[in-house]
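This report is meant for a reader who is meeting the structure for the first time. Please keep the sequence and the model in view while reading the sections that follow.

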Amino acid sequence: MALPVPPPARVFAELCPVPAPASVPAPLPAGGGCGLPAPSGREVHVRGSAELSAVPDRARVSLRLGSRKGVAGAARSSVSRRLEYIAQSARQRGVPEENMTVTEDFSRVEDTYQMEAEVCIIFTDFGKMQNVCNLLTEKLGTSVTISPPHFYHTPEAIDTLRRRVCVSAVGNTRQKAQEVCRLFGQSLGKPLLIKEEETKEWGGHINSHLSNSPDSLTLQERIQNATAYASCRVFAVFEIKGKENRRNKLL
């Protein structure tokens with residue numbers, strides 16, 4: 001019975017000979033050579049990857065309130081007092097004015113006047129968010145409806161995650177190349193090529209007004225569901241210098 005054919009070998013490092021002087025033609029290495037962009041003509045080719053995550057940096061909370069009265073002024077006054085209390089409570093806990101948006105709707109329903117309002121507050125500090133929501137629930141009770149927080153990432157946070165994962169992949173690639181060189185008693189030289197081969201992103205919510213999270217989720221579960229992930233794979237070519245310095249090796 002014929003023996004199974006072994007899988008082809010994968011070469012991740014190639015130590016090419018130092019080129020001969022100009023007067024003597026240098027023989028090509030077996031297999032077609034490795035190209036000689038480095039002064040010494042010796043290279044190490046490696047791939048490295050990294051995967052990082054980023055928790056959401058923003059949370060949006062909507063508060064709804066309303067009033068229906070026989071007199072228009074009474075309906076407006078009832079809602080206005082609660083709106084002012086909500087805004088004051090948020091400001092006292094460090095929420096800037098520009099992070100609060102108020103929309104109002106006034107209508108006539110049969111023989112009464114109805115005033116409805118919605119306050120949308122953007123939080124960058126989730127601890128402050130919990131303090132504000134707990135206070136409003138305690139003080140306003142059922143006269144205000146507070147939606148569960150919707151967590152998301154700003155575009156700047158996603159861009160930061162992309163840069164971090166790429167830099168981390170490059171660092172892992174260099175570390176791998178360095179370990180390969182040390183294995184053969186060589187020292188790693190300068191990079192000759194760094195190429196980002198593949199990037200992937202999943203999870204997380206970019207700034208969106210829609211949330212598919214069920215109301216039964218806890219705060220930590222919501223944050224976890226909104227966490228963004230990114231991975232990056234990098235190909236790099238480094239110059240291989242001479243023998244590794246024994247003093248540096250001991251250090």
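Is Arg91 buried, partly exposed or exposed? Arg91 has a relative accessible area of 35% and is therefore partly exposed, where buried means under 20% relative accessible area, exposed means over 50%, and partly exposed lies in between, with a 1.4 Å probe and protein chains only.

## Basis of the report

The model is a predicted one, in which local features need pLDDT of at least 70 and side-chain atom pairs count only at pLDDT 80 or more, while totals for chains, interfaces and linings use all residues. Residues are numbered from 1 along each chain as its sequence is written, and side-chain values use heavy atoms, with hydrogens and water left out.

## Salt bridges

A salt bridge here is a side-chain nitrogen of Lys or Arg within 4 Å of a carboxyl oxygen of Asp or Glu, and by this rule the count comes to eight. One of them joins Arg91 to Glu97, with the closest N and O atoms 3.3 Å apart; Glu97 is itself partly exposed, at a relative accessible area of 45%. Another pairs Arg58 with Asp57, where the closest N and O atoms are 3.4 Å apart, and Arg58 is partly exposed at 25%.

Asp159 and Arg162 also form a salt bridge, their closest N and O atoms being 3.0 Å apart. Because these two residues are three residues apart in helix α3 (residues 155-183), about one helical turn separates Asp159 from Arg162; helices are DSSP runs of H or I with at least four residues, strands are runs of E with at least two, and both are numbered from the N terminus. Asp159 is partly exposed at 35% relative accessibility, and Arg162 is partly exposed at 39%.

## Aromatic rings and charges over them

Three aromatic pairs are found in the structure; rings of Phe, Tyr and Trp (its six-membered ring) pair if their centres lie within 6.5 Å, and planes under 30 degrees apart count as stacked, over 60 as edge-to-face and the rest as tilted. Phe106 and Tyr113 make a stacked pair, because their ring centres are 5.9 Å apart and their planes lie at 10°. Phe106 is partly exposed at 31% relative accessibility, and Tyr113 is partly exposed at 23%. Trp202 and Tyr229 are likewise stacked, with ring centres 5.9 Å apart and planes at 10°, and this pair links distant parts of the chain, since Trp202 is in strand β8 (residues 186-203) and Tyr229 is in strand β9, 27 residues apart. Trp202 is partly exposed at 36%, as is Tyr229 at 23%.

Both rings of the Phe106 and Tyr113 pair are also partners of charged groups, a charge being over a ring if NZ of Lys or CZ of Arg is within 6 Å of the ring centre and within 35 degrees of the ring normal. The charged end of Arg76 sits over the ring of Phe106, 4.1 Å from its centre, and the charged end of Arg108 sits over the ring of Tyr113, 4.6 Å from its centre.

## Around Ser231

Ser231 lies in strand β9 (residues 228-243), and with a relative accessible area of 17% it is buried. Leaving aside residues up to four places away in sequence, Ser231 touches Ala50, Glu51, Val165, Glu198, Thr199, Lys200 and Trp202, where contact means heavy atoms within 4.5 Å.
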